[in-house]
Amino acid sequence: MSTKKYAAEAIGTFWLTFAGCGSAVIAAGFPQVGIGLVGVSLAFGLSVVTMAYAIGHISGCHLNPAVTVGLAAGGRFPAQQILPYVIAQVIGAIVAATLLYAIAIGAPGFDLGKGFAANGYDAHSPGQYGMVACFITEVVMTMMFLFIIMGATHGKAPAGFAPLAIGLALVMIHLVSIPVTNTSVNPARSTGPALFVGGWAMMQLWLFWVAPLIGGVLGGVVYRWLSEEPAGVVEGLKTA
């Protein structure tokens, strides 16, 4: 059973990274008909909605180390499962970035130096936002993301609507924070592209691990305090 959970997390995180980052690299600025910031935001949100319905019953559909850690902090996920989930998520993101790179280099004039949807601060922030502003943004956005996930997946929440609430929350997060950090709130999603960009992206990757993990823990703890019944463990299949 555990192997299926990890495979589901890898596949789901692959889809989030490939569809989300792919929309930014391939389609966002396409001449005349590019999807722009709104389109990229929708792509990330829809990737979560579609995978939540597809694999939520298998793994809980975390797709994100910060979500996994945040759910554990909120009493909704077993701590001993954190590491294998995170490893599976990072593998899925790296495979997605590899495939996206293989496709992107097929276009004449492709320039990896333009960022490849990597996250960054200071000169590498889309809006040139400083490190402190980017750190705060990632903490707050991830905190609210976890808060919404905790509530939407609670046993007393309306049944069947959690994927929509979570996916729409991710759309809103991207609509606000793409100009600031290119939006991470997900260390796995940040790691895949950074490995290909190298240099500055790898040097700044620490922020997109530390800030989302802090935000995830805060969101999980705050919601657990607000609603003391941590009903509904978000892990899909029971481990044999």
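Which residues of the largest nonpolar core touch the most other members? They are Leu63, Leu71, Phe145, Ile166 and Leu170, in a core of 40 residues. A nonpolar core is a set of buried Ala, Val, Leu, Ile, Met, Phe, Trp, Tyr and Cys residues joined through side-chain atoms within 4.5 Å. Buried means under 20% relative accessible area, with exposed over 50% and partly exposed in between (1.4 Å probe, protein chains only).

The elements that give two or more residues to this core include helix H1 (2-27), helix H4 (82-104) and helix H7 (187-197). Helices are DSSP runs (H or I, at least four residues), as are strands (E, at least two), numbered from the N terminus. A second, separate core has seven residues, among them Tyr121, Cys134, Leu207 and Phe208.

The model is predicted: local features need pLDDT of at least 70, side-chain atom pairs count only at pLDDT 80 or more, and totals for chains, interfaces and linings use all residues. Residues are numbered from 1 along each chain as its sequence is written, and side-chain values use heavy atoms, leaving out hydrogens and water.

**Helices H5 and H6**

The axes of H5 and H6 come within 9 Å and cross at roughly 175°. Axes are lines fitted to C-alpha atoms, for helices over the stretch in contact, and angles run from 0 to 180 degrees between N-to-C directions.

**Helix H3**

Eight of the nine residues of H3 are buried, so H3 is largely enclosed by the rest of the structure. The cover over its buried residues includes H4, H5, H7 and helix H9 (207-226). After H3 comes glycine 75, with a positive phi near 75°.

Asparagine 119 lies in the loop between H4 and H5 and counts as buried at 4% relative accessibility. A polar contact is a pair of N or O atoms within 3.5 Å; within protein, one must be able to donate a hydrogen and the other to accept it, and residues adjacent in sequence count only if both atoms are side-chain atoms. The table gives two such side-chain pairs.

| Side chain | Partner side chain | Distance |
|---|---|---|
| asparagine 119 | arginine 189 | 3.3 Å |
| asparagine 119 | serine 190 | 2.6 Å |

How values were computed. Contact = heavy atoms within 4.5 Å.
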